[in-house]
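This report describes a protein chain from its computed geometry. The sequence and the model come first, and the text follows.

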Amino acid sequence: MSPRLDFSDWWGKDSKKGTPVVVKMENPNYSVVEINGPDSAFRPVEKNRGKNAKQVTWVLLLKAHRAVGCVAWLATVFWALLGAIKKRLIFRQGVAVATEKLGKGKLVLKIIRVFLVTSLAILAFEVLAYLKGWRYFESANLHTPRTLGVQGLLHMVYVAWLTFRADYIAPVIQVLSQFCVVLFLIQSVDRLVLCLGCFWIKFKKIKPRIDGDPFKSDDVEAPGYEYPMVLVQIPMCNEREVYEQSISAVCQMDWPKDRILIQVLDDSNDESIQWLIKAEVTKWNQKGVNIIYRHRLIRTGYKAGNLKSAMSCDYVKDYEFVAIFDADFQPNPDFLKLTVPHFKNNPELGLVQARWAFVNKDENLLTRLQNINLCFHFEVEQQVNGAFLNFFGFNGTAGVWRIKALEDSGGWLERTTVEDMDIAVRAHLNGWKFIFLNDVKVLCEVPESYEAYRKQQHRWHSGPMQLFRLCLPAIITSKIALWKKANLIFLFFLLRKLILPFYSFTLFCIILPLTMFVPEAELPMWVICYVPVVMSFLNILPDPKSFPFIVPYLLFENTMSVTKFNAMVSGLFQLGSSYEWVVTKKAGRSSESDLLAAAERDSKTMNQPQICRGASETELGLLNQLTEQKEAAPKPVKKVNKIYRKELALAFLLLTASVRSLLSAQGVHFYFLLFQGVTFLVVGLDLIGEQIS
């Protein structure tokens, strides 16, 4: 008997809540012959059927709830900002003013203050003219009253100012703005070409590959595996927070113990840190790792001098390659097996560079914005330059050098604070090629405080300009191809190291606010809005998860242009701060896998008795002393926020310009200047590095 198909009783009932279930019957033993008439259930549902009042009410309530939540969030943020301004600017609670050590830094601050005072005076005059209804360019019948009163005098001064502004000030600002716009477009084209090159690499799946078994011996009579001799160097200086995890990661790399030597190059001037590092080295040495500790009494040349001193040891001549890791870097065990094989059958290869990955990229807003910049630097700039030009700037760490390439290029020099870029340029001039491995990543940290990030960026942008002055004659007289010389001079140094911070600071921090008081020199909309947004969009493409931060990223980059411009000027004219080396403060972050491994090692250590074989009584006494120092160590001092004067002065300059743009009904200009001014205010009050969830 065929099943009953009358479901009218079900459909006639009210619909109930629940999850619908669809039952599919395969090979049924019945067939439908006739349908007497159209049932109401098979009739098409009207798409424009109206909703009942109850549904509309709930939708409106939901939208109102979201709107109230958004307004409440904005109010909370605004109230917190006002509270920070009150606490740090008025009452100075837990803050310190960042001092300008050099006269040039104070000169830049004085110039910004002059612009601020001038803009405030002009704004007051503009407000007065606006309230009086004076419209010199909007009304053709506007004339100067013949009265001798105060109003007539002010009117005469205002008309004279408008004439002087249109005839003398506007042309100068227009010429400077057009020059900066041209530089802006050139840099944007360069950024676009790099992105297209990255897309091509992804589309064609271009990357360095290893053919066959790189360690298999070519000798038929003595088959087996041959591993080259590798020297690993870990330069550090007062790295109390990260020395243990970096030494531990390097000592666990998968490489024959008789074919590797680890040098811990300690430049610490704190004796307690020296003993801690010595104890860590001793611990791994007792486990059979070939590791030694070196300490310099006189710290000359900073990191370059440290590496140069280590390379002068007699035993270095027995090694073919050298891998360098900074104190906060944690390479994976297979790092050497993924990098060293690229040197085989490639005698012109001098450097294999790995990519950085960050364990604290989600710590706060500052680390998120840094991650965007560095992802673009590795994914786009270095990968494209490595694939098509075989040249890029050495990152100073997470790379493997052929020792012969270092020796042919003159070794490490102490003449700049960017010794990594220095050796890379000299090696390129000598014909050595570089490879960038985007899929080999080494864990490290990014600065979590604005103070540390600011000092790091100052060194990264002053050093290249100082190096450019020193290397320019060598580049011109070198024997490399002409297009390589042009790439080094115009793209590598001028465009990406000099022009970028120059136009960013001049165009968006100086010219744009001035155009609000000189409307005759107004910048076009595409310069202020469209092109910067497109460039920011391209910068975020390597890290798609950062798209919600595209607006803060754009504003923060313009804010950092002050520091980068100041650093660029100091390096170009060889001011005192260009020789300053400040070790970037670390937090000692570890990845989740590292924490689990450390917990497992600690549990094993607790269950087993500790036996220090080969340790003398003196060493045991030192270890006990270090243990007591750890227990008696003072608690960490609470963070002290700093007030940065240049950023605050620019914040009030941009906010003043935003008020002027509001008077002239320039909506886009007003919002851009307002948000940029608030960003400068947040950075100037040292709020950018606050912890977030």
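Helices (H or I, at least four residues) and strands (E, at least two) are taken here as DSSP runs, numbered from the N terminus. With that convention, threonine 417 lies in the loop between helix H10 (403-408) and helix H11 (419-429). The model is a predicted one: local features need pLDDT of at least 70, side-chain atom pairs count only at pLDDT 80 or more, and totals for chains, interfaces and linings use all residues. Residues are numbered from 1 along each chain as its sequence is written, and side-chain values use heavy atoms, with hydrogens and water left out.

**Overall content**

The chain has 19 helices and 9 strands. Of its 693 residues, 45% count as buried, where buried means under 20% relative accessible area, exposed over 50%, and partly exposed in between (1.4 Å probe, protein chains only). A contact means heavy atoms within 4.5 Å. Among contacts between residues at least 6 apart in sequence, 81% join residues at least 24 apart.

**Annotated spans**

An unreviewed UniProt entry places the feature "transmembrane region" at residues 64-85, 111-131, 175-201, 488-517, 523-541 and 648-663. UniProt positions are given in the numbering used here, feature names are shortened, and annotations may be inferred rather than shown by experiment.

| Span | Distance between end C-alpha atoms | Helix | Strand |
|---|---|---|---|
| residues 488-517 | 40 Å | 100% helix | 0% strand |
| residues 523-541 | 28 Å | 84% helix | 0% strand |

Strand E3 (residues 260-266) is mostly covered, with 7 of its 7 residues buried. In a regular strand the side chains alternate between the two faces of the sheet. Which residues of E3 are buried on one side and which on the other? Ile260, Ile262, Val264 and Asp266 are on one side, Leu261, Gln263 and Leu265 are on the other, and all are buried.

Two strands pair if DSSP finds at least two bridges between them. Strand E2 (residues 230-236) is joined to E3 by 7 bridges, and the two run parallel. E3 also pairs with strand E4 (residues 291-295), in the parallel sense over 5 bridges. Aspartate 266 of E3 stands opposite methionine 236, and its bridge partner in E4 is histidine 295.

A crossover is right-handed if, with the strands pointing away from the viewer, the path from the first strand over the helix to the second runs clockwise. E2, helix H5 (residues 243-251) and E3 form a right-handed β-α-β unit. Another right-handed β-α-β unit consists of E3, helix H6 (residues 271-286) and E4.

**Aromatic rings**

A pair of aromatic rings is described by the distance of the centres and the angle of the planes. Rings of Phe, Tyr and Trp (its six-membered ring) pair if their centres lie within 6.5 Å; planes under 30 degrees apart count as stacked, over 60 as edge-to-face and the rest as tilted. The structure holds 29 aromatic pairs. In one of them, phenylalanine 392 and phenylalanine 434 are edge-to-face, at 5.7 Å centre to centre and 65 degrees between the planes. Phenylalanine 392 lies in the loop between helix H9 (365-388) and strand E7 (399-402), and phenylalanine 434 in strand E8 (residues 433-444), so the pair ties together parts that are 42 residues apart in sequence. Both phenylalanine 392 and phenylalanine 434 are buried.

Ring pairs link these two residues into a cluster whose members include Trp356, Trp401, Phe468 and Phe492. The charged end of lysine 497 sits over the ring of phenylalanine 492, 4.5 Å from its centre. A charge sits over a ring if NZ of Lys or CZ of Arg is within 6 Å of the ring centre and within 35 degrees of the ring normal. Lysine 287 has its charged end over the ring of tryptophan 284, 4.3 Å from the centre.

**Individual residues**

Lysine 564, in helix H15 (residues 550-572), is buried with a relative accessible area of 12%. Leaving aside neighbours within four places in sequence, lysine 564 is in contact with Asn373, Gln457, His461, Pro501 and Glu557.

Threonine 417 is buried too, with a relative accessible area of 4%. Its C-alpha atom is separated by 8.8 Å from that of glutamine 466, 49 residues apart along the chain.

Most residues other than glycine have a negative phi, and most peptide bonds are trans. Asparagine 238, in the loop between E2 and H5, has a positive phi near 55 degrees and counts as partly exposed at 29% relative accessibility. Tyrosine 302, found in helix H7 (residues 302-311), has a positive phi of about 55 degrees and is partly exposed, with a relative accessible area of 30%.
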